[in-house]
Amino acid sequence: MSCDDNNNMRSKRSAYVALAAIIWMIIAVPKHGFYPEGNWLNGPLSFLFISSWFEKSIGVIITLFLLPLIVSPFYRRTKTTIVLSLIGVFLWLMVGIFLAIIAVI
């Protein structure tokens with residue numbers, strides 16, 4: 001495989017990762033207002049709808065940490081990246097469940 005083929009595959013994989021991240025964010029962003037107890041898929045994005053800048057920064061940091069884990073199999077599909085992706089989805093949902101519990105209490 002030549003160097004051009006490697007660069008072409010790398011750019012194609014990067015495009016798949018970007019597309020997967022965009023689709024995930026479209027699915028996860030709340031569309032009808034902020035109701036954390038109604039949708040756990042919001043995950044750390046729910047922090048962005050709270051007025052405190054500290055909590056918004058927490059949401060951005062958690063999203064920037066979990067999003068690469070979730071979309072990692074689209075870049076390189078190995079057992080490790082699949083397990084990391086499942087852990088990322090689990091943690092994303094746990095943040096959503098945590099915020100739903102806090103909203104109800």
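Helices here are DSSP runs of H or I with at least four residues, numbered from the N terminus. The model is predicted.

**Whole chain**

Start with the protein chain in cartoon view. Three helices and zero strands are there, and from the N terminus on the order is α-α-α. Then colour by pLDDT. The chain mean is 81, with 85% of the residues at 70 or more. Among the elements, the lowest mean pLDDT, 75, belongs to helix α1 (residues 3-28), and the highest, 90, to helix α2 (residues 53-71). Where pLDDT is low, the predicted coordinates should not be read in detail.

Switch to a surface next. The accessible surface of the chain is about 7200 Å², and carbon and sulfur atoms account for 73% of that area. Of the 105 residues in the chain, 28% are buried. For contacts between residues at least 6 apart in sequence, 56% join residues at least 24 apart.

**Thr 63**

Select Thr 63, which is placed in helix α2. Is Thr 63 buried or exposed? Its relative accessible area is 7%, and buried means under 20%, so Thr 63 counts as buried. Show its surroundings, leaving out residues up to four places away in sequence: Thr 63 touches Met 25, Pro 44, Leu 45, Pro 68 and Trp 92.

**The largest nonpolar core**

Now select Ala 20, Ala 21, Trp 24, Ala 28, Leu 45, Leu 66, Leu 67, Leu 69, Ile 70, Val 71 and Trp 92, the eleven residues of the largest nonpolar core. Two or more residues of this core come from each of the elements α1 and α2. Which element gives the most to this core? That is α2, with five residues. In soluble globular proteins, nonpolar side chains tend to be buried together.

Within this selection, centre on Trp 24, a member of the core. Beyond its neighbours within four places in sequence, Trp 24 is in contact with Leu 67, Ile 70, Val 89 and Trp 92. Trp 92 is also a core residue, and Thr 63 touches Trp 92 as well.

**Rings**

Finish with the aromatic side chains. How many aromatic pairs are there? The count is zero, with ring centres required to lie within 6.5 Å for a pair. Then select Trp 53 and Lys 56. Lys 56 lies over the face of Trp 53, 4.7 Å from the ring centre. The cut-off for a charge over a ring is 6 Å from the ring centre.

Methods:
Residues are numbered from 1 along each chain as its sequence is written. This is a predicted model: local features need pLDDT of at least 70, side-chain atom pairs count only at pLDDT 80 or more; totals for chains, interfaces and linings use all residues. Side-chain values use heavy atoms; hydrogens and water are left out. Rings of Phe, Tyr and Trp (its six-membered ring) pair if their centres lie within 6.5 Å; planes under 30 degrees apart count as stacked, over 60 as edge-to-face and the rest as tilted. A charge sits over a ring if NZ of Lys or CZ of Arg is within 6 Å of the ring centre and within 35 degrees of the ring normal. pLDDT is the predictor's confidence in each residue, from 0 to 100. Buried means under 20% relative accessible area, exposed over 50%, partly exposed in between (1.4 Å probe, protein chains only). Contact means heavy atoms within 4.5 Å. Accessible areas come from the Shrake-Rupley method with a 1.4 Å probe; for residues, only the protein chains shown count as cover. A nonpolar core is a set of buried Ala, Val, Leu, Ile, Met, Phe, Trp, Tyr and Cys residues joined through side-chain atoms within 4.5 Å.
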